[in-house]
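Here are a few exercises to work through with the model open beside you. Try each task before you read its solution.

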Amino acid sequence: MKVLKVPARTIAVFILPCLLLYVCLVFVPILVSLYTGLLKWDGLTTAEFIGLGNFKDMFFNDPVFWPSVRRTLLYAVASMLEIPLCLGMAILLNRYLKKANTLVSIYFTPVILSVVIIGQLWKTIYNPTSMGGMLNGVLVSLGLDSWTHNWLTEPNIAMYSLYLVSLWQFFGYHLLIQYTGVQNIPDELYEAAKIDGADGFKADRYITLPLIVPIFKISIILAFIGSLQAFDLVMVMTGGGPAHATDVISTHMYNSSFMSFKYGYGSAIATFLVVVCLIFTGVINTFFNKLEKKYN
């Protein structure tokens, strides 16, 4: 079979427009944000160049910054906990249900809902009053009155309440990714393994898990990096309160830039967030690349 060689100039013609658009929409704003982070600026008046002053304040003088980083990292780690569960469920659906697409689509429904709708729905569920709070109402009806809480206003509980909502919202998203990956594994491999005495979970261990690693990596990266950038759900449900108890990096950046009018300082926080996302993306990619080489 003759392989058609495409000239490099032709490839460049097709790639260049998308590459320019990507650079303008991604890299240029990052560089602008980095430069703005070196300024003392409220976004309206004349800016003053202060070098690394904003970064120094961010690391050493901001009492909200490091707690928001800790909560963001916990948010990201919590978001990955559901992915093994999604993989296990995808394996069971593929094995025992011939037409599981409808069920997967039902699980996917929260993903396509507006964040505002999801936020208002769960604010109603978390409502602490007996009349409007579904969760507390269920606990009271079960005789678990001591378990009732003000889920979104107690500083020690509010962030965990948001974690639960986020897991519910994106469960169907990662289930769909894992289910598609499992479905794409050829049936012939399982049939051959069955002949050799490997069936059920044993076949999953030696066939499904090694072959699903690239898909699993995609889910991990999407979940982790997406959670590092968490903003909309937090703003809708708590706004970062009470008393900054649910502030994450993105909400702290927003409040600093647009509520406190410290636009340069907010840009410094945004630059920090970009660097953290790049570092963790590289770490996750390196880990899974080694894992893929191990199985290959």
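**Exercise 1.** Is aspartate 204 buried or exposed?

*Solution.* First, some ground rules: this is a predicted model, where local features need pLDDT of at least 70, side-chain atom pairs count only at pLDDT 80 or more, and totals for chains, interfaces and linings use all residues. Residues are numbered from 1 along each chain as its sequence is written, and side-chain values use heavy atoms, with hydrogens and water left out. Next, take the cut-offs: buried means under 20% relative accessible area, exposed over 50%, and partly exposed in between (1.4 Å probe, protein chains only). Aspartate 204 has a relative accessible area of 7%, so this residue is buried.

**Exercise 2.** Find the salt bridge partner of aspartate 204, then look for other salt bridges in the structure.

*Solution.* Start with the criterion: a side-chain nitrogen of Lys or Arg within 4 Å of a carboxyl oxygen of Asp or Glu. The partner is arginine 95, with the closest N and O atoms 2.2 Å apart. Arginine 95 sits in helix α4 (residues 82–96) and aspartate 204 in helix α10, so the pair ties together parts 109 residues apart in sequence. (Helices are DSSP runs of H or I with at least four residues, numbered from the N terminus.) Arginine 95 is partly exposed, at 27% relative accessible area.

Searching the whole structure gives two salt bridges. One of them joins glutamate 292 and lysine 217 (3.6 Å, N to O). This pair also links distant parts of the chain: glutamate 292 is in helix α13 (residues 263–295) and lysine 217 in helix α10, 75 residues apart. Lysine 217 counts as buried, at 14% relative accessibility.

**Exercise 3.** Describe how α9 and α10 are arranged, and list the residues that meet.

*Solution.* Two packed helices are described by the angle between their axes and the distance between the axes. The axes are lines fitted to C-alpha atoms over the stretch in contact, with angles from 0 to 180 degrees between N-to-C directions. For α9 (residues 187–195) and α10 (residues 201–228), the axes come within 10 Å and cross at roughly 155 degrees. Angles over 145 degrees count as roughly antiparallel, and α9 and α10 are therefore roughly antiparallel to each other.

Now for the contacts, meaning heavy atoms within 4.5 Å. Leu189, Tyr190 and Ala193 of α9 meet Ala203, Asp204, Ile207, Thr208 and Leu211 of α10. By class, that makes six nonpolar, one polar and one charged residues.

How values were computed. Helix = DSSP H or I, 4+ residues; strand = E, 2+ residues; numbered from the N terminus. Parallel < 35°, antiparallel > 145°, perpendicular 65-115°, else oblique. Nonpolar A, V, L, I, M, F, W, Y, C, P; charged D, E, K, R; others polar.
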